[in-house]
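Hi,

Here is the structure I promised to pass on.

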Amino acid sequence: MNDKLSVILSGIELQNPVIPASGTFGFGEEMAALYDLNCLGAISFKGTTREPRYGNPLPRIAECGNYGMINAVGLQNPGIEEVIKHQLPALCRLYQGPVIANVSGFSVEDYRYVCQRLDVEERVRIIEVNISCPNVHNGGMAFGTTPEAAAEVTRAVRQVTDKPIYIKLSPNVTDIVSIARACVDAGADGLCLINTVLGMRIDIRRRQPVIANRYGGYSGKGIFPIALRMVNQVAMALNKGGDKPVPIIGCGGIETTEDVVEMMMAGATAVEVGAANLHNPMACPQIIDRLPAVLNELKINRIQDIIGCCL
């Protein structure tokens, strides 16, 4: 382990801060054909729900030029039982580092059930709880849009697992700091932000939305300044001058090594690389390969030293 690049999330040491984001990396099998996954700091595998999901109707991807993409895949996955039986063991044969399980649900009981099933899986080191899902018992409003709903999910999963819980926050809110604080007060060990920004594209020739679901999550380098601002806001509120900093995984539009450094200076302990994996499958190893040179250029001895230096 290279101390110059290593970071620690809730007592778990990562050899570097670079993590492929859930939803853009599947369960690692396709990427393993291109490079050794063991170069990664951790892996956040595909968002998993209680039951199998086919996802939303097609089309569910819309390109946004060089600035990103919109997706409305709809949490397509084989369900938690299949993941535990097949996908997780297969991933662990390919990768020996920390595995992060990304969890989604449409009711508090969904979240509780999936987290309880993952609690006994030794290779899952962190549970990342995506609260951008619509709450079917509350008219479809996402769990992550109010402090109360976010705290309710956090408390529910805290009751069924001793593993570190990181709540993945939606940017589609007016006050992300209050939601972040509510999650931490309810028992979250860390936070991950941001998820995708709600967006839309229209086919002007057909005069119809490009995506069958009408709206979708905008990701890619166009949202990096938004993600950076929100990570910094949350870190300023929770970690500036605090005795026990809340670890933050920063994500949203990260494509280069310099983006990683910038996000960590804003307050992130580690980062997730999402949409970049889709247009450049080698994005993560290329970012990691350049890290030592960029740190040397900036006269940074250890990457841990820059975490939150702009608070």
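β9, α5 and β10 together make a β-α-β unit, and its hand is right-handed. Before you go further, keep in mind that this is a predicted model.

Within that unit, β9 and β10 run parallel and are joined by three bridges. If you want a place to start looking, Tyr166 sits opposite Gly190 of β10. On from there, β10 also pairs with β15 (residues 248-251), again in the parallel sense and over three bridges. Leu193 has Gly250 of β15 as its bridge partner.

So what covers the faces of β10 (residues 190-193)? Both faces are covered: Gly190 and Cys192 are buried on one side, and Leu191 and Leu193 are buried on the other.

**Helix α4**

Next, α4, which takes in residues 147-158.

Which residues of α4 are buried? They are Ala149, Ala150, Ala151, Val153, Thr154, Ala156 and Val157. As for what they pack against, the buried residues of α4 meet α3 (108-119) and β8 (124-130), and also β9 (165-168) and α5 (176-185).

**The four-stranded sheet**

There is also an open sheet of four strands, ordered β5-β6-β14-β11, with antiparallel pairing. β5 (61-63) and β11 (197-199) are at its edges; each has a single partner strand, so one side of each has no neighbour in the sheet. From one strand to the next, the twist averages 35°.

Inside the sheet, β6 (residues 69-71) pairs with β14 (residues 216-219) over three bridges, in the antiparallel sense. One of the residue pairs to click on is Ile70, whose bridge partner in β14 is Tyr218.

**Salt bridges**

How many salt bridges does the structure hold? The count is seven. Here are a few of them.

Arg290 and Glu258 form a salt bridge, with their closest N and O atoms 3.1 Å apart. Arg290 belongs to helix α9 (residues 283-297) and Glu258 to helix α7 (residues 257-266), so this pair ties together parts that lie 32 residues apart in sequence. Arg290 has a relative accessible area of 39%, which means partly exposed, and Glu258, at 36%, is partly exposed too.

Arg206 and Asp203 also meet through their side chains in a salt bridge, at 3.1 Å from N to O. Arg206 counts as partly exposed because its relative accessibility is 43%. For Asp203 the value is 24%, so Asp203 counts as partly exposed as well.

Then there is the salt bridge between the side chains of Asp305 and Arg302, with 3.1 Å from N to O. Asp305 is partly exposed at 44% relative accessibility, and Arg302 is partly exposed at 37%.

That's it from me for now.

Cheers

Methods
Residues are numbered from 1 along each chain as its sequence is written. This is a predicted model: local features need pLDDT of at least 70, side-chain atom pairs count only at pLDDT 80 or more; totals for chains, interfaces and linings use all residues. Side-chain values use heavy atoms; hydrogens and water are left out. Helices (H or I, at least four residues) and strands (E, at least two) are DSSP runs, numbered from the N terminus. The expected span of a helix is 1.5 Å times one less than its number of residues. Buried means under 20% relative accessible area, exposed over 50%, partly exposed in between (1.4 Å probe, protein chains only). Contact means heavy atoms within 4.5 Å. Two strands pair if DSSP finds at least two bridges between them. Axes are lines fitted to C-alpha atoms, for helices over the stretch in contact, and angles run from 0 to 180 degrees between N-to-C directions. A salt bridge is a side-chain nitrogen of Lys or Arg within 4 Å of a carboxyl oxygen of Asp or Glu. A crossover is right-handed if, with the strands pointing away from the viewer, the path from the first strand over the helix to the second runs clockwise.
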